Amino acid sequence: MKALLVAEESSALKTVTHWIGGRTVPSCSGRSGPIWDPATGEVQGRVAFASAEEVDQAVAVARQAFPSWRATALSKRTDIMFRLRELVDRNRRNLADLLTREHGKTIPDALGEVSRGLENIEFACGIANLLKGGFSEQISRNVDVCQTRQPLGVVVGITPFNFPAMVPMWMLANAIACGNAFILKPSEKDPSASMLLAELIRQAGVPDGVFNVVHGDRVAVDRLLRHPDVKAISFVGSTPVAKAIYQTGTQLGKRVQALGGAKNHMLVLPDADIDMAADAAVSAAYGSAGERCMAISVVVAVGGIADPLVSAIKERMARIRVGPGAEDGNEMGPLITGEHRDRVASYVRNANQEGAKVVVDGTAHPLSQSAGFFLGTSLLDNVKPGMRCYDDEIFGPVLTVVRVQTYDEGLALVNAHPMGNGTAIFTRDGGTARQFQFDVEVGMVGINVPVPVPVSYYSFGGWKASLFGDLHMYGPEGIQFYTRAKVVTSRWPDPSTSQVDLGFPQLK
Ligand code: NAD
């Protein structure tokens, strides 16, 4: 399988190049970027950065593949999706190994990512049912109306580093099943999982050119965004880039869904079970080193629960095993790059100065001195709005605690934050939980569930600065995003009744 992932091997370093028209294609742009091994801090390979001309080539190939793919029978497309489901299932461990090697997350975490991605392919296996239209008979004498949903053409997915397999599967499964041709621009930081997916998609029987991967940076994204033959863009990444992509893409008349960053609050009420809340906060804050858009980054402790909750969290943190993701028993791996590790550490180093209390300082972890991009877990208490560690998305293993006196104060805090991706409430009071579900201005809500990522037959998306666009990702809204409606009104009259009538058509 390795040979399929790597287009060229020069000395020990792998080179990842584009996948266009069903095969790897060497890059001629002369530009590339490093692929780090976050566990060792060494460069393990290089990834090609596409030029605008290379992007044009991928779009041309996708455009050419589109007409016959959209005309392919639904039964055949369904068959292919089932085969892809089997292939990804059989390659769970191969995908997970790639994720761990390039992203740094632990193998169990990587297997979880593959599993949550695979759900979307399973959903797309039902494409025949999902694309059912509507039909109204005899809306007027001898006149019927039907509505169908048709694919858009060439559509693009631009994905972040933190879920290099799952987020592409959020997009590609529905996009392809609906009959579109798809171009993926994965994160340049961990590009290999997308190449294994490309190979599996080819083996499943998706015709060449229907799925393509173009690697690169801003140059590739800009060209994809502006190419006249690209009809729609799905983006997942940080808020500033999401906003810019939404603004430019929609201005150019494209359909865009752009998911941005997060700052997810977990409200813990005084009646909550402290052990359960502490287990949940620690798992959701430090899993995948906090590099999840659904990670809990703020615990909002209501009333007297704050002191015992902070102690329970601190006690659990001491037991987290930090180390290379590929080694058995480790629970938290390194961060994605040295630069990102240093940025995350700066929030912890500045916290005292901002008026917060550093309860646990992850920068003091022995591994943070190693060559790998490790950081221990940090806990900051007495955090308030206006502090950088509260306002910004840190995207690392740093949990902050804000103390409030009442539920209303806690709710107001969550609603005032510009991000609205996910949130959770921990309580034994069903009435208050229901009120929270009703009042909170956030797209995905957990009740005693800290990471409420919707299953694939619902759709994923935040509110406010966490999503730009109208439709959430995957699930039923994904099908809507990747298709457009066509309404057909038809008449099969008896020719002998035909006559000229210049009046506006009325229902008779
Ligand atoms: P990022 O915004 O830096 O990069 C995302 C993608 O955009 C990558 O493919 C990258 O190559 C490209 N890109 C980066 N800068 C660009 C620019 N200036 N112009 C054009 N393209 C650019 O995000 P990241 O660091 O890879 O991922 C982490 C971010 O993604 C976090 O903010 C996290 O919250 C967010 N995220 C959100 C969700 C969600 O569902 N809302 C899910 C996962 C990650």
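**Exercise 1.** Which residues of α3 and α8 meet, and how do they divide by class?

*Solution.* In α3, the residues in contact (heavy atoms within 4.5 Å) are Ile80, Arg83, Leu84, Leu87 and Val88. On the α8 side they are Leu197, Leu200, Ile201, Gln203 and Ala204. By class, this contact has 8 nonpolar, 1 polar and 1 charged residues. Here Ala, Val, Leu, Ile, Met, Phe, Trp, Tyr, Cys and Pro count as nonpolar, Asp, Glu, Lys and Arg as charged, and the others, Gly among them, as polar.

The model is predicted: local features need pLDDT of at least 70, side-chain atom pairs count only at pLDDT 80 or more, and totals for chains, interfaces and linings use all residues. Residues are numbered from 1 along each chain as its sequence is written, and side-chain values use heavy atoms, with hydrogens and water left out.

**Exercise 2.** At what angle do the axes of α3 and α8 cross?

*Solution.* Helix α3 spans residues 74-90 and helix α8 residues 192-204; their axes come within 8 Å and cross at roughly 135 degrees. Therefore α3 is oblique to α8, as angles under 35 degrees count as roughly parallel, over 145 as roughly antiparallel, 65 to 115 as roughly perpendicular and the rest as oblique.

**Exercise 3.** Classify the pair α9 and α10.

*Solution.* The axes of α9 (residues 218-226) and α10 (residues 239-251) come within 9 Å, crossing at roughly 30 degrees. The two helices are therefore roughly parallel to each other. Val221, Leu225 and Arg226 of α9 make the contact with Ile245, Thr248 and Gly249 of α10.

**Exercise 4.** How far is an oxygen atom of the ligand from a polar side-chain atom of lysine 185?

*Solution.* The distance is 2.8 Å for lysine 185. For an N or O atom in the side chain of glutamate 393, it is 2.5 Å.

Technical notes:
Axes are lines fitted to C-alpha atoms, for helices over the stretch in contact, and angles run from 0 to 180 degrees between N-to-C directions. Helices (H or I, at least four residues) and strands (E, at least two) are DSSP runs, numbered from the N terminus. A polar contact is a pair of N or O atoms within 3.5 Å; within protein, one must be able to donate a hydrogen and the other to accept it, and residues adjacent in sequence count only if both atoms are side-chain atoms.
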